[in-house]
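Please read the following report alongside the sequence and the coordinates.

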Amino acid sequence: MSNTRSSRTSLALTGIALAASVLASPAAHAQAKELNIYSARHYQTDQQLYDGFAKAHGVTINRVDSDDAGVMQRLRAEGASSPADVVLMVDAARLSMADNAGLFAPIKSGALEKAVPVQYRAAATADGTTWFGFSTRARLIVYNKMAVKRADVDTYEELADPKNKGKVCTRSGSHPYNLSLFSVMYEHMGEARTQDFLQGMVNNMARSPKGGDTDQIKAVASGECGVALTNSYYLARMMRSGNPADRAVIEKVGVVFPNQGSWGTHMNIAGGAVAKHSKNKQLAQQFLEYLASAKAQDYFANGNNEWPVVKGVSLPNPALRAMTGGKSFKSETIPVAVVGKHQTRVQQLLDRVGYK
Ligand code: FE
């Protein structure tokens, strides 16, 4: 049963509570309210995040931790019998994929509509809204301060300019972080220019795409790459690290919030949704509403060095402050939901230009 499935999708059951919810008799179910959360987040502050809600609502929270692909695979496999109530995922591309696969239940929540800017949630339909972002991360450019001039790499488009030939490194083009960025660029530039851009990126590569964002930062510091893309929290993590090796890396790299003179820096989200087949939809919705509270925003956003999505909530974070020089920056205003519309096409363009 679900155990074999879990091992195949490399899911880890957190605590014995989930096993209980799957195996318990109906009598045991009736005794306490339970909320089953399938989470692709795995940050130290998440336990506090869950505890806050559990205490306030007298609920037992059961977590299934996996990566986004694992969460999606499990929801698909379980279908209508899935015990999932809440789904937490990172990246607009993944939330859109799960949404397009019909894995989320639309909800109508005045509280969430008020708290979460339109830009950072799914497009509303007559049935409601399927997913909401709860934190934002910026897709930044990092460059080697010795080898590259900042003015040559302060927009995304310049990464495809021949002047940066042999300098560019990224993780896989079809990784959701890149798919999201390129999909938003597609919205701005249209198909022909997006294809040219992606072709230019491929032409400029210092090496074939590999590794994660942190690997790109390190390769920029070592000089193997001149310039790379990274999500802001990977940089923040290294800036806050006690490891001298991480500090040495940070010393060597310059950080750009791209496109300040045009459409602004691409912002992605981590977010959540009510699971399509939840048997506790009301409680699940309450959990999402809780995530928009100031305290939960502290755990949710600050715990991974991200910015809170909720208007009016500001959280002191030394690394983020250092990264921006304490100043505000111009961020992209196109709703991240466009990612769901364009990512299939963008993947086709990636294949066409040979962006691995
Ligand atoms: Fe990440």
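The sections below go through the domains, the iron site, the nonpolar core, the helix packing and several individual residues.

## Model and domain division

The structure is a predicted model. Its protein chain is divided into domain 1, made of residues 16–136 + 268–315, and domain 2, made of residues 137–265 + 324–353. Taken over C-alpha atoms, the centres of domain 1 and domain 2 are separated by 28 Å, and the contact between them involves 24 residues of domain 1 and 25 residues of domain 2.

## The iron site

The iron ion has as its protein donors the OH atoms of Tyr177, Tyr233 and Tyr234, which lie 1.9 to 2.0 Å from the ion. Along the chain these donors follow the spacing Y-x55-Y-Y.

Tyr233 and Tyr234 are both buried, and they are listed among the buried residues of helix H10 together with Ser232, Leu235, Ala236 and Met238. Helix H10, which spans residues 232–239, is mostly covered, since 6 of its 8 residues are buried.

## The largest nonpolar core

In soluble globular proteins, nonpolar side chains tend to be buried together. Here the largest nonpolar core has 112 residues, and Leu35, Phe182 and Phe287 are those with the most contacts inside it. Helix H8 (residues 176–204) gives the most to this core, contributing 11 residues, and the core draws at least three residues from each of domain 1 and domain 2.

The surroundings of Leu35 can be described in more detail. Beyond its neighbours within four places in sequence, Leu35 is in contact with Phe53, Val59, Thr60, Ile61 and Asn62, with Asp85 and Val86, and with Leu283, Ala284 and Phe287.

## Packing around helix H6

Two packed helices are described by the angle between their axes and the distance between the axes. For helix H6 (residues 92–100) and H8, the angle is about 90 degrees and the axes are 7 Å apart, which means that H6 is roughly perpendicular to H8. On the H6 side this contact is made by Ala92, Ala93, Arg94 and Met97, and on the H8 side by Pro176, Tyr177, Leu179 and Ser180. Tyr177 in this contact is also one of the protein donors of the iron ion.

Helix H6 also packs against H15, where the axes come within 9 Å and cross at roughly 90 degrees; H6 and H15 are therefore roughly perpendicular to each other. In this second contact, Ala92, Ala93, Ser96, Met97 and Asn100 of H6 meet Val339, Gly340 and Gln343 of H15.

## Two residues with positive phi

Most residues other than glycine have a negative phi, and most peptide bonds are trans. Asp91, although not a glycine, has a positive phi of about 95 degrees. Asp91 is placed in the loop between strand E4 (86–90) and H6, and it counts as buried because its relative accessibility is 0%.

Asn259 is likewise not a glycine and has a positive phi of about 60 degrees. The loop between E9 and E10 contains Asn259, which counts as buried at 0% relative accessibility.

His266 lies in the loop between strand E9 (253–256) and strand E10 (267–275), and with a relative accessible area of 2% His266 is buried. When neighbours within four places in sequence are left aside, the contacts of His266 are Arg137, Ala138, Arg139, Tyr156, Ser180, Leu181, Val184 and Glu332.

Tyr355 is found in the segment after helix H15 (338–353) and counts as buried at 3% relative accessibility. Not counting residues up to four places away in sequence, Tyr355 touches a set of residues that includes Thr170, Arg171, Ser172, Gly173, Asn178, Phe182, Leu198, Met201 and Leu350. Between Tyr355 and Ala80, which are 275 residues apart in sequence, the distance from C-alpha to C-alpha is 37 Å.

Glu187 is found in helix H8 and counts as partly exposed, because its relative accessibility is 32%. Although Glu187 and Val338 are 151 residues apart along the chain, their C-alpha atoms are separated by 7.4 Å. Leaving aside neighbours within four places in sequence, Glu187 is in contact with Ile334, Val338, Lys341 and His342.

Methods
Residues numbered from 1 in each chain as written. Predicted model: local features only at pLDDT ≥ 70, side-chain atom pairs only at ≥ 80, totals over all residues. Heavy atoms only, no water. Donors = N, O, S within 2.8 Å, 3.2 Å for Na, K, Ca; no water. Buried < 20%, exposed > 50% of the residue type's maximum accessible area, 1.4 Å probe, protein only. Core = buried A, V, L, I, M, F, W, Y, C linked by side-chain atoms within 4.5 Å. Helix = DSSP H or I, 4+ residues; strand = E, 2+ residues; numbered from the N terminus. Domains from an automatic or database assignment. Contact = heavy atoms within 4.5 Å. Axes fitted to C-alpha atoms, helices over the stretch in contact; angles between N-to-C directions. Parallel < 35°, antiparallel > 145°, perpendicular 65-115°, else oblique.
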